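Hi,

Here is the structure I promised to pass on. Have a look at it first, and my notes on what turned up follow below.

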Amino acid sequence: MSATTLSALAAQLKARQISSRELAQQYLDRIAALNPAINAFITLDAGKTLAEAAAADALIAAGQAGPLTGVPIAHKDIFCTDGWLTTCGSKMLHNFVAPYDAHVIQQFKAAGMPSLGKTNMDEFAMGSSNETSYFGAVKNPWNPAYVPGGSSGGAAACVAARMAPAATGTDTGGSIRQPAALCGITGLKPTYGLVSRYGMIAFASSLDQAGPMAPSAEDCALLLNVMTGFDPRDSTCLERDKEDYTRDLDKPLSGLRVGLPKEFFAEGLNNEVAAAVEAAVSELKKLGATTVEISLANSKLAIPVYYVLAPAEASSNLSRFDGVRYGYRAPEYGNLDDMYCKTRAQGFGAEVKRRILIGAYVLSHGYYDAYYLQAQKIRRLIAEDFSAAFKACDVILGPTAPGTAFKLGEKSDDPVEMYLNDLYTIPANLAGLPGMSLPCGFDSKGLPIGLQLVGDYFSEAKMLNVAHQYQRATDWHSRQPEDLK
Amino acid sequence: MKWETVIGLEVHTQLATKSKIFSGSSTAFGAAPNTQASAVDIALPGVLPVLNKGAVECAIKFGLAIGATLNRVNVFDRKNYFYPDLPKGYQISQLAKPIVEGGALTIQVGDSERTINLTRAHMEEDAGKSLHEDFHGMTGIDLNRAGTPLLEIVSEPEMRSSAEAVAYARALHTLVTWIGICDGNMQEGSFRVDANVSVRPVGQAEFGTRREIKNLNSFKFLQQAIDYEVRWQIETLEDGGRIEQATVLFDPDRGETRMMRSKEEAHDYRYFPDPDLLPVKLDEDWIEQVRATLPELPAAMQVRFQGEYGVSPYDAAVLTGSRALADYFEVAAKACGQGKLAANWVMGELSAALNKADLTIERSPVSAAHLGALVARIHDGTLSGKLAKQVFEGLWEGAGEVDAIIEARGLKQMSDSGELEKIIDEVMAANTKSVEEFRAGKEKAFNALVGQIMKASKGKANPAQVNDLLKTKLQG
């Protein structure tokens, strides 16, 4: 594959140098070759993919092509996709064929972008390593002994291995940014409410947000243009005018104030990651940015707050998986309660059950005030820290994760160690702010390092501008795993 | 020992919106199972609720009608529990911040009036139905009703007898149908009552332990269930037993309440604010727009009826038992200009005939205009009460206008004094004994003569005129 940026692919399609069908077939061939080792996809359906590509070719032929018409994309298996198996990485939905399209899927279909398949993920998006998937762990394309991060691990891995030019992801506590960092790609979690959650299987409703994952910031801007747009079916979706997220990509960075939260460069951060992020800061300074130290004092409470609120919402959101109407039902049971117990005991994996139990506990009578209400108060304090910080800076910069990818199985027996991987990403979810991760180097093992930008509400265009300018000056984002080239 | 009964009611009223509270599906009753259940109603993965503004407006109307506080910011919560006809595994309801708080309703029990305070009213969604018949040991689930909007109206525990509880439930039923937020159909479950009942020794300040009787769908069952429950509680206590907090069901066939679940089995619903829905904000403009759509309320109308038509407080209360009845009365009263007489006819002859035929006022064969015309003919002396009843029968049968019936059936009261005098003379001549007895001081003889005269006139003689003329003649 010669071109891999979305704008280059779209240009080739428009110039009729390649058809959408041919392009889709090339990616399907690469998936057939690489996926058995990576396990980035749960469901592939070449027939559907090629039919959608043929429809895109017809649009191009008719001169009705949009900016990305004909460019294929992979979708996280959390998005309901009409006629496709939609599992959310769980045995509970191993047989669930969605009868409707999520809003995000509709948007990409309307843009004429064929679906390459449904990507692997941590079960119900609960995990930071993609090891909780019922369909097996995803391997990091940079080294298959390592995890790709999670929960959008399949999405990050398929883009890193160039099995797809782009993918959709969702981010509740870092599920786009952390795997993007660990796989060396660019991923963006928009402001909460910017992208409709309709048809996106809920983990923690007040935190979940869909976003784009692709090699570059420019790609992400083009994808965000497709994904956004008011949807009355999601009451938390904000009614605002559509923006062009590519509009500021080429702005120079002179005068940009970059906030460096001292808490994000403190104990617990891997030295190689720290060095790479600091090098990126120097690069931005060369491009005209200035830096200012800021404090996000309450962000140290982000993990405990998150692990009260997200499980609380999840325990309720996952109640609908009861074996009554769809999905898995235990083959044998005595009475109704037995059916519920066996279905949920057998249908959910250990991490999901752990979080349902935590969530039910913190919401229960007598504990609600001490946990749930207290966590909501701290959540507000964390958001206020950010508001104060944005008075002094335009964008906040730090590491995406405290380290690079870890080995498969290394942390799966220690949930708290695993949870610490989202230390830097969770605060943006709690505050509802946009955040993105972009590649900024490699460690001594050859594993990618990601840096995170967090912007003020609706400042996606600004963040993409910063990321794009950085990517014009560096080439980390265009590197590919040597043996997969 | 003397016991006092304490009752509080929780009433689930189904709001009269066309579509469900969080989806666009129809709320119409009686469709084939699951034909009115959308992706949202069956809780497919990924679906989200969107609040129906119409349901909020119904709640605003109710709050305004009972003089309650409307919480300008109110919040939907999730009530979590597992049941096959509860598709999401939680019900969306309002716990901590309901839309309506406070307010009061005036009830009439016999001749006395009482004001019952309300605690709150909140919006929530209904569950579906579990169907246990016809599935050979399995349970069928019909989700047509799932997501139907409800307003749960909770009273303070201020009622002291089953009669008061029924009067409150009736007044509430009248109000919610009056303001058009509920169709009031109790058979179809549009108005369901839960009664919290306890007893305590007269004079004791603390409440006794209550038991909640669930899902009473008629006023008769409400009365029977409370009466049984109160007797049972008193007997239990007098036998040295204790009342355990519990939820019970009323079995109308046996006339008994029986235990559904004890306090120990009560759920922990793990309520928390629904993150899929924003807090509901009521701005003043919206509230005023809704207020402008409210009809004149029963309490205001009662006061007006007393002043405008001179009816008693009791009659005013009866006449405002429903909006249809009040409208009927008012049309009839205006048509004849005789409010009190019209009220007597509406509440007397008409109500009796409707009851006998098992008809509601909306389906009365006698229109309000016709009844008014009939009352006018009584007032102007054309008809006696007795003749009027015959005309009423004609109206009921659809025999035409009032005057046409009077004409066709020859029911006009005889008021021509010449003709009447002739009859009186004849009757006096034929009943000389009675005439003499009267003149000898036997008052009763007078009535016997009147009876004969009425008979001779075939009932058409004007009784007042007969009285006057006969008196004159007997004294002459």
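One thing before you start: this is a predicted model.

**Where the chains meet**

The contact between the chains involves 24 residues of chain B and 33 residues of chain A. On the chain B side, those residues split into 16 nonpolar, 3 polar and 5 charged.

Start with strand S4 of chain B, residues 77–80. Strands pair through backbone hydrogen bonds, in either a parallel or an antiparallel way. S4(B) has two such partners. With strand S5 (residues 90–93) of chain B, S4(B) pairs in the antiparallel sense over 4 bridges. With strand S16 (residues 272–273) of chain B, the pairing is again antiparallel, over 2 bridges. Put together, this gives an open sheet of 3 strands in the order S5-S4-S16, with antiparallel pairing. S5 and S16 of chain B are the edge strands, each pairing on one side only.

B:Asp77 stands opposite B:Ser93 in S5(B), and its bridge partner in S16(B) is B:Pro273. Next along, B:Arg78 stands opposite B:Ile92 in S5(B).

Are the residues on the two faces of S4(B) buried or exposed? They are all buried: B:Asp77 and B:Lys79 on one side, and B:Arg78 and B:Asn80 on the other.

**Chain B: a pair of helices**

Further along, helix H12 (residues 417–430) and helix H14 (residues 444–456) of chain B pack at an angle of about 125°, with their axes 10 Å apart. That angle lies between 115 and 145 degrees, so H12(B) and H14(B) count as oblique to each other. Their crossing is right-handed. From H12(B), the contact uses B:Ile423, B:Ile424, B:Glu426 and B:Val427, which meet B:Leu449, B:Gln452, B:Ile453 and B:Ala456 in H14(B). By class, the residues of this contact are 6 nonpolar, 1 polar and 1 charged.

**Chain A: another pair of helices**

In chain A, look at helix H9 (residues 302–317) and helix H12 (residues 369–389): their axes come within 9 Å and cross at roughly 125°. H9(A) and H12(A) are therefore oblique to each other. H9(A) passes H12(A) in a left-handed crossing. The H9(A) residues in the contact are A:Ala302, A:Val305, A:Val308, A:Leu309 and A:Ala312, and they meet A:Tyr371, A:Tyr372, A:Ala375, A:Ile378, A:Arg379 and A:Ile382 in H12(A). The residues of this contact divide into 10 nonpolar, no polar and 1 charged.

**Chain A: covered elements**

Strand S2 (residues 73–76) of chain A is covered on both faces, with A:Ile73 and A:His75 buried on one side and A:Ala74 and A:Lys76 buried on the other. S2(A) runs parallel to strand S3 (residues 115–119) of chain A, and 4 bridges join them. Within that pairing, A:Ala74 stands opposite A:Gly117 in S3(A).

Helix H5 (residues 153–160) of chain A is mostly covered too, with 8 of its 8 residues buried. Among them are A:Cys158 and A:Val159. The loop between S3 and H5 of chain A holds A:Ser151, and the peptide bond from A:Gly150 to A:Ser151 is cis, with omega near 10°. Just after H5(A), A:Arg162 takes a positive phi of about 55°.

**Chain A: a few spots to check by eye**

- A:Arg16 has a phi near 60°, a positive value in a residue other than glycine. A:Arg16 lies in the loop between helix H1 (6–14) and helix H2 (20–38) of chain A, and it counts as exposed because it has 10 C-beta neighbours inside 10 Å.
- A:Phe458 is not a glycine either, yet has a positive phi of about 60°. A:Phe458 sits in the loop between strand S11 (448–455) and H15 of chain A. With 16 C-beta neighbours inside 10 Å, A:Phe458 counts as partly exposed.
- A:Glu482 is in the segment after helix H15 (460–473) of chain A, and with 8 C-beta neighbours inside 10 Å it counts as exposed. The C-alpha atoms of A:Glu482 and A:Pro141 are separated by 9.7 Å, although the two are 341 residues apart along the chain.

Happy browsing!

Key. Residues are numbered from 1 along each chain as its sequence is written. Chains are lettered from A and ligands numbered from 1 in the order in which they are written. This is a predicted model: local features need pLDDT of at least 70, side-chain atom pairs count only at pLDDT 80 or more; totals for chains, interfaces and linings use all residues. Two residues are in contact if their C-beta atoms, placed from the backbone, lie within 7 Å. Ala, Val, Leu, Ile, Met, Phe, Trp, Tyr, Cys and Pro count as nonpolar, Asp, Glu, Lys and Arg as charged, and the others, Gly among them, as polar. Axes are lines fitted to C-alpha atoms, for helices over the stretch in contact, and angles run from 0 to 180 degrees between N-to-C directions. Angles under 35 degrees count as roughly parallel, over 145 as roughly antiparallel, 65 to 115 as roughly perpendicular and the rest as oblique. A crossing is left-handed if the near helix is turned anticlockwise from the far one by less than a right angle, and right-handed if clockwise. A residue is buried if 20 or more other C-beta atoms lie within 10 Å of its own, exposed if 12 or fewer, and partly exposed in between; C-beta atoms are placed from the backbone. Two strands pair if DSSP finds at least two bridges between them.
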